[in-house]
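Hi,

Here is the structure I promised to pass on.

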Amino acid sequence: MSRELTKKIQEIMSAEMGHIGVFIVSKQCRDLGVDPEDIEPEDLNDLAKALGKVMLTFGGSEKARKVEREIKKLAN
Amino acid sequence: MKLIDRKKEIEALENYFANARDGSGKLVLLSGEVGVGKAALAFELMKRHEKDALCIYTSVQKTKTIPYAPFLNNIDEWKGYVKTLDLPDRLRRELFSTTSISEFNVGLQERVFALFEQAFKEISENRAMIFFIDNIHWADTGTLALLSHMAESIKNMRVLIIGAYTSNVLQNDKFSDFTEFLTGLMMKDMLTSIHVENFWREDVAEFIRTFLDVESIDNAFVEKMQKASGGNPLFLDYAMDLFIKEKVVRRRKRLVISLYEINIPSSFEEIITRMLNLLPKKATTILRYASVQGTTFLMDVLKGQLKMREEEFRRYISLLEKEGMIYPVDEERYGFIHNRARDIIYETCVKKKELHREIADLIEILHEKDINTHYLELADHYFKAGAWKWASRYAAKAGDENLKLYSLGDAIFAYNMALTAQKMEKEEDTTSTGKLLLLLGNTYLLSGRWEEASASVHEAIDIFEKEGDTAFIINAYIALGDIERERSNLNEASDWYQKAMDLAREELDNRAIAKAARGLGYISWRWGNYESALSMLAEAEKISKELKDPIYGIVMVDTGNVHSALGDLKTPRKYYLKGVEALQESRNLWDLARAYNNLGDSYLQAKEWDMALEFFEKCSEIAKKAGLNNFFGWSLFNSAEALNAKGDLDAALTYLDRALPILEAMKDINGLSGVYRDYGLVHLKNGDFKKAETNLLKAMKYAKEADNTDMILDTKTDMAELYIKKGEKEKAKEILQPAMQSAKEMDARKRLERIEELLKKVK
């Protein structure tokens, strides 16, 4: 399950950012103390916020909201 | 533009400035969509501190000018604040000497960075500084590299650098230099940004009240303006300005006419169209002609098209400047203040084809002396005019110029344009198409786009074979060998090099013999046949030395690699340094990056971590500047190995996280084996044996796929070390004994020493 979550989050980010998206997922995970290879459902909320914030910097508010929404949806 | 309700943002900037004034300088980025008021924020901060800080404003132009232009534009404003009086002149000398500015100069960057660093240090000793650069998303790679460098350098200076950029333009430009710049800052935990949002309804009301200088405003009007603008301050600013020009509203009055009679524009396009209708006809004609040139336009060309009297022309230009439509870019050019305005005006133009042709012809006549700086512009205008032959000719020249500068993305764009134009031409010159395809293939190869490289070169070979052009066929075979070599398809690479060698010997083409021998030598090294590698490389060295062929530098690096594989620590460095010297001279950045990477690797072997990091950093800088993605990835994971050895595991992981997606995207299996090996080593060090094993196994899988004997041996030895640490000595022994045999067969002395050390532990 956890590896599956990593893959899905990487897919969401790389759809917006290309290969840099994958790096951003790892970087935010490590900053939050989450193992990027082992993302758990309970990590999703914080991670969605963190990645949304980064996306704001890289792609503007619309993209940021989209990324945050899509990652939070993975918890369901 | 008025600064409305930006308390939170201005407070954040004030805090950053207060810290900077106390000696903790920083680079802060302002992001947000076009017209949201990023610059207004920075200007407000500068206004507040004009007495206690030196405030410098500069802006990046969309049209490429000279590298580092944003930093250079304002030397006169700060030169009075530096102690070293000749410093500004030294900077100018470095940057404006014709050779250094137009061609890639390896040492230039270091000298320029050091001079700017010194300048900022001296200024900050004198007084605090706010340095604001607008539109940094358009900056050239040099400026971005300098900004990254300065972000680190100003940490202990009284300097606040503010960079503003439009965040929504990045969406369409996933691999741009700017995105890479942001990522680089993030890697070093130096990415500080403030995102500026559009206005809420209350802000719109306050904006309109402030604009009109009134105390209250009709709610319904605010509502409509909010709806039309989406809260975008630029839209509001332009719309209010339009209403004043249309005499619908007046300052210090509320609405002059009834709210229901106001025709609120529904789009930015409508605002511009209505503004154009208010201008004199000749002024709109000027704008239309200018828009065909682009977002910036050459004044002499524009004048040549309009055939207007000088005085009249100047008058209308001043009017348009006053109306906020255009601005002077430099001595030659003006530009549209807003690109969207230019696009809207361009759409209204008729007879565009004729106008593009006229512009191209005028540029050729008026800019004969500096025509090389206009190649792409000319190609673009001739292309849009349907003059395919000329479009192709200039696009190819633009490709060559960009390739020379290692601006690979631009070179690929130009060559593709040349090919498209050539195919549109009724009587296509096939030889010339073949040559262009070969050039394009080699440029794709440099960018690490191997599949596209292979497709282009194969297409070129088809043409050359039909034409029977042997010299080009040999070169194309060598190019295919290089492509397959980079893809780690060593058998295929060897076949192509051999085919090239056979044909070259038949044709007595010595240069081609040297190139093919070098290719075959490289493959032998990768296969662990060091004797054969040294013999092929010696042949390449002899010929290239005699012919003074630039391949000599490459051969030196390859020879160093063989000696390194043989376990020698010092001899490889001698070869690498010889290689560096020759490669700098021939401006071969690809192999120069490789030489620095390998020098770093030789220090890794010697356990001199800081030296290793220094050379990997050099490799990374060149790779980034020249767009060599593979070397950028390699320098990252090699740096990770040094950082891991130094005990900085977190930094090592960050570097590996960054390298992995780059090399995955390129399908660089050799690089991937290196990345996973380093992940394994980091986890081995932090005691996570399960992860160490998983990653080392992945490394082994890729190393086998790449047929990389050195890497297979190294990873096997790492696995053995892992099992020893886990207490599984038998497993370790099972690996080490055959590994020792392989090392002996390959005569890999250094590797053999390590295996013997480990074997002692399992006995």
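In chain B of this predicted model, strand β1(B) pairs with strand β5 (residues 193-195) in the parallel sense, over three bridges. Within that pairing, B:Leu30 has B:Ile194 of β5(B) as its bridge partner. β1(B) is also joined to strand β4 (residues 159-166) of chain B, again running parallel, by seven bridges.

How enclosed is β1(B) (residues 26-32)? Six of its seven residues are buried, so the rest of the structure largely encloses this strand.

Stepping back, these strands belong to an open, five-stranded sheet with parallel pairing, in the order β2-β3-β4-β1-β5 (chain B). The edges are β2 (53-59) and β5 of chain B, each of which pairs on one side only. Ignoring direction, neighbouring strands in the sheet are turned against each other by 15° on average. Helix α1 (residues 7-21) of chain B packs on this sheet and touches β1, β2, β3 (128-134), β4 and β5 of chain B. The direction of α1(B) makes about 145° with that of β4(B).

One helix pair is worth a look too. The axes of α14 (residues 281-293) and α18 (residues 352-366), both of chain B, come within 9 Å and cross at roughly 70°, so α14(B) and α18(B) are roughly perpendicular to each other. On the α14(B) side the contact is made by B:Tyr289, B:Val292 and B:Gln293, and on the α18(B) side by B:Leu355, B:His356, B:Glu358 and B:Ile359. By class, that gives four nonpolar, two polar and one charged residues.

Cheers

Technical notes:
Residues numbered from 1 in each chain as written. Chains lettered and ligands numbered in written order. Predicted model: local features only at pLDDT ≥ 70, side-chain atom pairs only at ≥ 80, totals over all residues. Heavy atoms only, no water. Axes fitted to C-alpha atoms, helices over the stretch in contact; angles between N-to-C directions. Helix = DSSP H or I, 4+ residues; strand = E, 2+ residues; numbered from the N terminus. Parallel < 35°, antiparallel > 145°, perpendicular 65-115°, else oblique. Contact = heavy atoms within 4.5 Å. Nonpolar A, V, L, I, M, F, W, Y, C, P; charged D, E, K, R; others polar. Buried < 20%, exposed > 50% of the residue type's maximum accessible area, 1.4 Å probe, protein only. Pairing = 2+ DSSP bridges.
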